[in-house]
Amino acid sequence: MDNDLQKYAQIPLKQISNRVWRTYSGGALIDKWKKDTPEVDNSFPEEWIMSTVTARGKNRPDDEGLTKVHTADGLVTLKSLIDTDKELFLGKKSGR
């Protein structure tokens, strides 16, 4: 991984919308909350926030569900940032 990404550990980052495809319908209330129009139920009923796991679905993108954040280096997944140095981004592991 690119250790240069560690520079993003101490600054605010903005995540892009992360709507995830599901087998059920929904999402109109998310549209309303985000003031998106039209407010419709569809196959993207969930907004995943700060996600480091992928969603699973047949014929879906491999990175679906992973949060992407804006950086000076372009869009980067939150997972790739954390993977550069877990202790830096998440803190020390507890001894419990």
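1. A word to start with: a residue is called buried when its relative accessible area is under 20%, exposed when over 50%, and partly exposed in between (1.4 Å probe, protein chains only). By that rule, glutamate 64 is buried, because its relative accessible area is 9%.

2. Before we go on, please keep in mind that this is a predicted model, where local features need pLDDT of at least 70, side-chain atom pairs count only at pLDDT 80 or more, and totals for chains, interfaces and linings use all residues. Residues are numbered from 1 along each chain as its sequence is written, and side-chain values use heavy atoms, leaving out hydrogens and water.

3. How many salt bridges does a search of the whole structure find? The count is eight, a salt bridge being a side-chain nitrogen of Lys or Arg within 4 Å of a carboxyl oxygen of Asp or Glu.

4. Back to glutamate 64: its side chain forms a salt bridge with that of arginine 60, at 3.0 Å from N to O. Arginine 60 is partly exposed, because its relative accessibility is 25%.

5. Now look at aspartate 31 and arginine 19, a salt bridge whose closest N and O atoms are 2.9 Å apart. This pair links distant parts of the chain, 12 residues apart: aspartate 31 lies in helix α1 (residues 28-33) and arginine 19 in strand β1 (residues 19-20). Helices (H or I, at least four residues) and strands (E, at least two) are DSSP runs, numbered from the N terminus. Both aspartate 31 and arginine 19 are buried.

6. Finally, aspartate 4 and lysine 7 meet through their side chains in a salt bridge of 3.0 Å, N to O. Aspartate 4 is partly exposed at 41% relative accessibility, and lysine 7 is partly exposed with a relative accessible area of 41%. A network of salt bridges links Asp4, Lys7 and Asp73.
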